[in-house]
Amino acid sequence: MTHEHDRVLILDFGSQFTQLIARRVREERVYSEIHPPTRSLEWIREWAPKAIILSGGPSSVYDEDVPSIDAGLLTEGIPILGICYGMQLIAHLEGAQVLHGHREYGRAELRVESTEGLFAGFSKDDGSQVWCSHGDHVDEPPPGYVKTAYTDSLPCAGFRAIDRDIHAVQFHPEVAHTRRGDEIISNFLFEVAHCRPTWTAGAFVEDTVQRIRDQIGDATAVCGLSGGVDSSVAAVLVHRAIGDRLTCIFVDHGLLRKNERDQVERMFRNHYEMKLVVEDSRALFMGDLRGVTDPEAKRKAIGKRFIQVFDETAKREGTGATFLVQGTLYPDVIESVSAGGPSVTIKSHHNVGGLPEDMPFDLVEPLRALFKDEVRQVGRELGLPDDFVGRHPFPGPGLAIRVLGDVTEERLAVLREADAIYLEEIREAGLYDEIWQAFAVLLPVQSVGVMGDARTYENVLALRAVTSRDGMTADWYPFPHEVLGRISTRIINEVRGVNRVTYDVSSKPPATIEWE
């Protein structure tokens, strides 16, 4: 018997912050999903959301072919929160004027006029920092609405309907720069929409195990076990559901971190007593990658070979498997297929876009609805050790997308050693758990250096470390200078072929976390 959870529907109008809205809602233990605004009124009724959030977006309500909603949604009796463009759209559909020509990006000081609903717990006397990012705005609320907040530059920074649970704000409560944004979203969920906070790791495990049993039935499955958190949690979930009918196949594609194969074998054979087959396919993958420098082509080549190896290994082992388990996460889905409609597709992921259309398995993706930190919570619920659950993310294509340009055994060996030193020093400094993800990148660049009074012309290595709540946005990590210096010195001294180390100080956006 699965749990019945209240659900929040997020309609995505193209904002790069839409995923943050979903994450903030889930942090309040309420389930949410992102869908395009083209969902029909009939579809929305059938989906039966407890509340709806309209995201921001780059459009103006006056643009041609602008994304919109069925105006009837505003009379359905479902609590609605409009954010930025979502506010402008509500205003436009309800008869207010949306004004051009007032671009505003950055911090503003919010003052509230109504200390109930969205702003329950706020004071009219105190200002609160919010984050704005808009080109249009609304000066006066529509007929039947009242103003709830303002800033020095926005006479109407928020409004609500008098006789319906429809609220809107011109700023972005989902971003960290809005200091009380979490409180505003919480107020919408519980004060306005009366949602129940039942979306927990324990409930997810129970529901997902039952769904896996329903999906697989009496069949068998294979799991693509990489040794990372995502595939490992997926494997444990499926193993709990179907037991020995799951065979985990660990493919050594030659793109792993140092000693990773040994670690995986020890953990899953000795501790979890799962059926584990280790397949050494390094030569095949390296052959596929020879001369391939485009990152998308790398992903496609790896994904195609990955499925082929799985199929052949499963047949050889006599599993008869018809299902393939993958650790696909929600951000993978969003970035790969633009699940939010107008949102921009940034890159395809090995777990999603790299799969061939004619693959011989049906997919089982038990983590497809989760963000990374939710996966960690589920891992702890399943009893996985903290030091394992807390490991930094590692991409499906492995070191192939961290060796920029041509992928060779020699270049992989250089990166592998440098990366191991980097992570060792981070742990030694007690900084590993403060960082969301840290890794080294081997650049397709050589530089002149001097080592032992001799001229060198060797590789340049970049170090990347970011902090993040969900992987959708990230800031570079401000290492103490002495730690960076120690890392650089060790890598140059101990890794043959590197004479220069750089540190990446780009945030996401505009950069992505991985370089490829």
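Student: In which strand does Asn 499 lie?
Tutor: This is a predicted model, and in it Asn 499 belongs to strand β20, residues 498-503.
Student: Is Asn 499 buried or exposed?
Tutor: Asn 499 counts as buried because its relative accessibility is 11%, and the cut-off for buried is under 20%.
Student: Which side chain does the side chain of Asn 499 make a polar contact with?
Tutor: The partner is the side chain of Thr 456, at 2.9 Å.
Student: Let me change topic. What pLDDT does the protein average?
Tutor: The average is 88, and 94% of the residues score at least 70.
Student: Where is confidence lowest, and where is it highest?
Tutor: Confidence is lowest in helix α10, residues 330-337, with a mean of 64. It is highest in strand β3, residues 51-54, at 98. Over residues 336-354 the pLDDT is below 50, and this stretch has 67 contacts in the model beyond near neighbours in sequence.
Student: Now the helices. At what angle do the axes of α5 and α11 cross?
Tutor: The axes of helix α5 (residues 201-216) and helix α11 (residues 372-381) cross at roughly 80° and come within 9 Å. The two helices are therefore roughly perpendicular to each other.
Student: Which residues make that contact?
Tutor: Helix α5 contributes Ala 201, Gly 202, Phe 204 and Val 205, while α11 contributes Gln 377, Val 378 and Glu 381. By class, four of these residues are nonpolar, two are polar and one is charged.
Student: How many residues of helix α1 are buried?
Tutor: Nine of the ten residues in α1, which covers residues 18-27, are buried, so the helix is largely enclosed by the rest of the structure. The buried residues include Leu 20, Ile 21 and Val 25, as well as Arg 23, Arg 24 and Arg 26.
Student: What comes just after α1?
Tutor: Arg 29 is found there, with a positive phi of about 65°.
Student: Where is Ile 242, and is it buried or exposed?
Tutor: Ile 242 is in helix α6, residues 229-242. It is buried, with a relative accessible area of 7%. Leaving aside neighbours within four places in sequence, Ile 242 is in contact with Ile 212, Ile 216 and Ala 221. Its C-alpha atom is separated by 8.7 Å from that of Val 209, which is 33 residues apart from it along the chain.
Student: Ala 221 interests me. What about Thr 247 and its contacts?
Tutor: Thr 247 is in contact with Ala 221 too, and also with Val 222, Cys 223, Lys 275, Val 277 and Thr 319, leaving aside neighbours within four places in sequence. Thr 247 is part of strand β13, residues 246-252, and is buried at 8% relative accessible area.
Student: One last residue. Which strand holds Glu 279?
Tutor: Glu 279 is in strand β14, residues 275-280, and it counts as buried at 16% relative accessibility.
Student: What joins the side chains of Glu 279 and Arg 316?
Tutor: A polar contact of 2.8 Å joins them. Other residues in contact with Glu 279 include Phe 250, Asp 252 and Val 309. Glu 279 and Val 309 are 30 residues apart in sequence, and their C-alpha atoms are 8.2 Å apart.

Note on methods
Residues are numbered from 1 along each chain as its sequence is written. Side-chain values use heavy atoms; hydrogens and water are left out. Helices (H or I, at least four residues) and strands (E, at least two) are DSSP runs, numbered from the N terminus. Buried means under 20% relative accessible area, exposed over 50%, partly exposed in between (1.4 Å probe, protein chains only). A polar contact is a pair of N or O atoms within 3.5 Å; within protein, one must be able to donate a hydrogen and the other to accept it, and residues adjacent in sequence count only if both atoms are side-chain atoms. pLDDT is the predictor's confidence in each residue, from 0 to 100. Contact means heavy atoms within 4.5 Å. Axes are lines fitted to C-alpha atoms, for helices over the stretch in contact, and angles run from 0 to 180 degrees between N-to-C directions. Angles under 35 degrees count as roughly parallel, over 145 as roughly antiparallel, 65 to 115 as roughly perpendicular and the rest as oblique. Ala, Val, Leu, Ile, Met, Phe, Trp, Tyr, Cys and Pro count as nonpolar, Asp, Glu, Lys and Arg as charged, and the others, Gly among them, as polar.
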